[in-house]
Amino acid sequence: MEPLPRLGYGLGLRPAYYEEILSSRPPVDWFEIISENYMIPGGRPLAMLERFRSDYPIVMHGVSMSIASVDPLDMDYLSALKRLVDRVEPAWVSDHLAWTGVHGVNLHDLLPIPLTREALDHVVDRISRVQDYLGRRILIENASTYVAFAQSEMTEWEFLGEMARRAECLLLLDVNNVFVSSFNHGFSAEDYIDAVPVERVAQLHMAGHTDKGSYRIDTHDQPVCESVWKLFERVRKRFGPVAAMIERDDNFPPFSELLAELQRMREIDAAILDGSERSAA
Amino acid sequence: MKLAELQAAFQSAVLSGAGKDPTVLASLTKPAARERATGFGVYVKAYRLRVAEYLEEDFPALKTLLGDKRFEELVVDYVAGNPSRTRNARYFSARLPDFMQESDKWRGEAQAQGVARLERALSDAFDATDGDACALETLAAHAPQDWPRLVFAFHPSLRLLSLPAGTVELYEALSSEGAAPRPELSDGGEAAAVWRSGFDPAYRALGTDEFLALNEALAGKSFGVICQLVAFQQDEASAPERLAQFLVNWFSDGLVVALGEGDDGEGLAAP
């Protein structure tokens with residue numbers, strides 16, 4: 001497999017920060033867009049995207065591919081996605097291990113699947129078909145989940161690893177989602193991280209979530225919490241400097257706070273590098 | 001349970017708000033720290049919150065007009081009968097004005113329907129297909145004697161709306177930051193044009209004669225034919241001056257994206 005470019009430290013591109021990014025040209029290595037927000041005929045979003053892509057590498061992240069749905073693949077959606085891919089020329093394209101609806105309905109959520117061999121066969125087949133259609137490998141992200149199914153036959157990390165191997169796709173590892181799901185379902189986030197195949201992970205997501213006491217929800221409206229930063233260190237030691245980014249989708253702070261989170265990533269990486277050089281010496 | 005059955009049951013319970021659906025709950029394992037219904041409830045609640053948020057974002061003036069409680073009622077009614085069938089949340093609210101028109105409960109709310117239709121058209125204009133507006137100088141390149149043969153292409157975002165009389169003024173009052181007085185709607189109707197000027201949605205009310213003229217121009221009729229139609233249907237004496245002003249307005253508003261010369265008799269309808 002040809003490795004994807006190592007883009008460095010990125011942010012989710014959101015309209016709330018358009019003007020600031022254009023005026024200050026911040027030290028961000030790349031931006032990730034939500035694909036669906038630009039799958040529109042024209043207007044300001046597409047015009048702004050043209051400006052950003054002339055200055056920064058862009059990756060496309062979708063929320064509606066519904067790769068695990070039992071509905072037939074939505075070829076209208078995939079065709080619109082492909083048109084956007086042709087226009088944006090992203091470094092890569094990703095979506096989630098989830099379904100968003102059946103019978104033509106879309107619940108606009110990343111819904112969980114039972115971790116069964118039936119679901120695995122289904123998802124592998126669909127990822128392969130999507131990759132053939134788009135003419136490129138895609139990245140699949142682990143979603144946060146709030147329920148687990150009694151009929152599941154394997155762990156989520158076993159499912160992801162097997163899925164990536166059989167579909168020959170790559171993985172977008174969301175560190176916050178690992179943490180949220182581990183809390184909600186009572187498994188070890190460290191075991192999860194340690195079992196995901198290193199060669200498949202091409203991008204990392206970091207984000208904040210909401211602590212509801214007995215469970216946690218992936219809301220992207222808070223700073224990254226300390227437990228997730230701790231997990232990030234472990235992830236970096238295992239997966240190396242693959243492209244990593246902060247997702248923020250609500251309760252938008254001053255842009256400088258997101259830059260500070262990126263800086264913290266850089267410092268963690270520098271400390272890991274420093275530590276490994278010392279031990280090598 | 002097969003994957004298809006599980007997804008059908010899960011979706012059906014989310015759509016109906018059945019957070020304790022026995023089929024779904026029976027398919028789940030019980031996490032250590034909480035009940036199965038708590039976890040499933042996250043999906044049930046999230047769906048309602050999310051679609052309500054889409055509607056609030058698209059119809060702020062309508063929400064002000066109806067008030068929080070009645071707007072929430074409208075959201076519940078719309079969501080119950082119109083599960084989203086679009087991959088892009090941006091289009092979820094597209095049917096709200098038609099839903100209000102078709103609903104026994106909301107059909108009588110003429111003001112609200114008008115405002116909903118106007119707000120929806122503004123959302124559509126925001127990301128409609130691009131077009132480069134012609135400057136007024138483009139018109140000057142055509143000799144006045146050729147004007148009757150002029151035909152127009154308009155910005156792809158341009159939509160003409162038929163609304164209850166006073167809707168545009170009401171929308172402005174609802175959208176103003178201060179407590180602007182809300183005009184009473186009179187009987188009858190009014191027309192409005194909605195389009196995108198640069199990156200921003202724009203709108204204005206249209207008089208009967210300009211609505212007629214724009215409608216004909218959109219249908220590809222030449223300016224000469226439009227002049228005859230307007231003169232026939234409206235005040236013949238003032239028609240030429242008003243039509244010349246319309247033409248200038250269409251250019252200065254950025255509505256016209258191409259100008260050509262058609263045949264003299266194109267689309268001519270005998271008066």
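These legends describe close-up views of a predicted model with chains A and B. Local features need pLDDT of at least 70 and side-chain atom pairs count only at pLDDT 80 or more, while totals for chains, interfaces and linings use all residues; side-chain values use heavy atoms, with hydrogens and water left out. Residues are numbered from 1 along each chain as its sequence is written, and chains are lettered from A in the order in which they are written.

**View 1. The contact between chain A and chain B.** Chain A gives 48 residues and chain B gives 42 residues (contact means heavy atoms within 4.5 Å). About 4,000 Å² is buried between the two chains, 59% of it on carbon and sulfur atoms. Buried area here is the accessible area (1.4 Å probe) that two parts lose on being put together, summed over both. In chain A, the residues that lose the most area to chain B are A:Leu107, A:His108 and A:Tyr146. Together they make up 16% of what that side buries.

**View 2. Polar and charged pairs between chain A and chain B.** Three salt bridges are counted between the chains. A salt bridge is a side-chain nitrogen of Lys or Arg within 4 Å of a carboxyl oxygen of Asp or Glu. A:Asp109 and B:Arg50 form a salt bridge through their side chains, 3.5 Å from N to O.

**View 3. A:Asp269 in helix 9 of chain A.** A:Asp269 has 15% relative accessibility and counts as buried. Buried means under 20% relative accessible area, exposed over 50%, partly exposed in between (1.4 Å probe, protein chains only). The side chains of A:Asp269 and A:Tyr9 make a polar contact of 2.5 Å. Neighbours within four places in sequence aside, A:Asp269 is in contact with A:Tyr9, A:Phe232 and A:Arg236.

**View 4. A salt-bridge network in chain B.** The network links B:Asp58, B:Arg90, B:Arg120, B:Asp124 and B:Asp127. B:Arg90 and B:Asp124 meet at 3.4 Å, N to O. B:Arg90 lies in the loop between helix 4 (60-81) and helix 5 (96-102), and B:Asp124 in helix 6 (residues 110-126), so this pair ties together parts 34 residues apart in sequence. B:Arg90 is buried at 18% relative accessibility, and B:Asp124 is partly exposed at 34%. B:Asp124 also forms a salt bridge with B:Arg120, the closest N and O atoms being 2.8 Å apart. B:Asp124 and B:Arg120 are separated by about one helical turn because they are four residues apart in helix 6. B:Arg120 is buried at 4% relative accessibility.

**View 5. B:Arg196 and B:Asp130 in a salt bridge.** Their closest N and O atoms are 2.8 Å apart. The pair links distant parts of the chain, 66 residues apart. B:Arg196 is in strand 3 (residues 189-197) of chain B, and B:Asp130 is in the loop between helix 6 and helix 7 (137-140). B:Arg196 is buried, at 2% relative accessibility. B:Asp130 is partly exposed, with a relative accessible area of 43%.

Terms used. A polar contact is a pair of N or O atoms within 3.5 Å; within protein, one must be able to donate a hydrogen and the other to accept it, and residues adjacent in sequence count only if both atoms are side-chain atoms. Helices (H or I, at least four residues) and strands (E, at least two) are DSSP runs, numbered from the N terminus.
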